Structures are given as C-alpha cells and as structure tokens.
Amino acid sequence: VLFLVLFMFPKCIPITVWVSAILVPLTLGGGGVFLFFLSSDYEEDQSGVHSEFKALAVKVLSFATWAIAGIFFIVLFILRQKINLAISITKAAVRAVREVRLCITFPFLQLVSFLFLFIAMVLYSALLATTGVMTTQTDAVFNNEVEFTAQEFTSFGHYRFWFMMLVFLLTSAFIIT
C-alpha cells in the first residue's frame, strides 16, 4: 500500500523517508527509557526475584541503547545530504516508472497468481489430510500410560504431500521471478 501512496504522491517520499529515519533512534531511546525504569524497579524489588547484578545489567543495557540511538542520530545528521540525494533519485525513478505501466501492474499480477496457487495448495492439503486413518494408540509418558488418537497415512499419501510441496515451491519461484 505504501508503494502505491509513494507512486501516486511523490511529494510524500521525503516525509516518509525522514519520519522512518527519525523513528528508529526515537524507538531506541524509548526502549532505553523503558530499560532504565525497569532497572529502577529491579533495584527496589525486595522479593529477591531480581538480583543486583540483573538490575545493573539492565541499567547498563539502557545506557547502551541510548548510546546507539545517539550514534544513529549523529549518522543521520552526517548523511542528511546523501539521504536527500537518494530521495531525489527515488522521485526521478517514480516519474520513470509512471511511463511504463507494466512495471506497475506486474507485481499485482504476481500477487493474484500466487494467491490462486496458495489457495489451491491449501485446499489440496485439506483434501490430503482427510485421506488418513484415525487410530488409537497408547504410549508411556513418565511411567503413565497415555492414550491418544493419531492419524496414519499410507506411503502414497506421504509421496503426494512431498510432491505437492515440490510443485508449490517450484511454481511459486516461477511466479515470483
């Protein structure tokens, strides 16, 4: 869906790129805040579940997460011109792709054909699952006899399953490429 939005509205490309680039260090910083407050809870815990080492390790991990977020901000600041250049190249690519309509429709044709194949394979798997014979078996688990129901298939059923998987993998690879 984002591909279509960016394709139809190329003005959204810089906003999308910069928001996603800024959200990564902000998410890391938020994780660092969570870990910092978690370490405080571990330090105040008197139940003995969390050791002092665990509280210290979580606090060090929070500082490390903040450091990684800071490094990411610095890298974003240093690479801001190259990111803007990549955004401009992407806008030019959107204009070029608009001229060739097959580039737009072909991924959807792939998706529809893959969905048809997937639905057919699910139906065939359900049909294949009904060919087994239900048997009641017993087994010893921790010196207790346990009775359970198992579904047994013939060797021909196993071969049909593996053939179906081979057809699915080869056909899906053909559709995707």
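**Close-up views of nonpolar cores and aromatic pairs**

Phenylalanine 168 counts as buried, at 16% relative accessibility, where buried means under 20% relative accessible area, exposed over 50% and partly exposed in between (1.4 Å probe, protein chains only). The model is predicted, so that local features need pLDDT of at least 70 and side-chain atom pairs count only at pLDDT 80 or more, whereas totals for chains, interfaces and linings use all residues. Residues are numbered from 1 along each chain as its sequence is written, and side-chain values use heavy atoms, with hydrogens and water left out.

**View A. The aromatic pair of phenylalanine 114 and phenylalanine 168.** The ring centres of phenylalanine 114 and phenylalanine 168 are 6.0 Å apart with the planes at 50°, so the pair is tilted; rings of Phe, Tyr and Trp (its six-membered ring) pair if their centres lie within 6.5 Å, and planes under 30 degrees apart count as stacked, over 60 as edge-to-face and the rest as tilted. Distant parts of the chain are linked by this pair, with phenylalanine 114 in helix H5 (residues 102-129) and phenylalanine 168 in helix H6 (residues 155-176), 54 residues apart; helices (H or I, at least four residues) are DSSP runs, numbered from the N terminus. Phenylalanine 114 is partly exposed, with a relative accessible area of 27%.

**View B. The aromatic pair of phenylalanine 36 and phenylalanine 63.** A search of the whole structure finds seven aromatic pairs, one of which is the tilted pair of phenylalanine 36 and phenylalanine 63, at 6.2 Å centre to centre and 50° between the planes. Phenylalanine 36 lies in helix H2 and phenylalanine 63 in helix H3 (residues 52-78), 27 residues apart. Phenylalanine 36 is partly exposed at a relative accessible area of 26%, as is phenylalanine 63 at 43%. One aromatic cluster is formed by Phe36, Phe37, Phe63 and Trp66.

**View C. The largest nonpolar core.** Six residues, Ile13, Ala21, Leu76, Ile83, Ile87 and Val94, make up this core, a nonpolar core being a set of buried Ala, Val, Leu, Ile, Met, Phe, Trp, Tyr and Cys residues joined through side-chain atoms within 4.5 Å. Helix H2 (12-44) and helix H4 (80-99) are the elements that give two or more residues to this core, and H4 gives the most, with three residues. Apart from this core lies another, of five residues, among them Leu117, Met121, Met164 and Ile175.

**View D. Arginine 80 and the ring of phenylalanine 77.** The charged end of arginine 80 sits over the ring of phenylalanine 77, 4.3 Å from the ring centre, the criterion being NZ of Lys or CZ of Arg within 6 Å of the ring centre and within 35 degrees of the ring normal.
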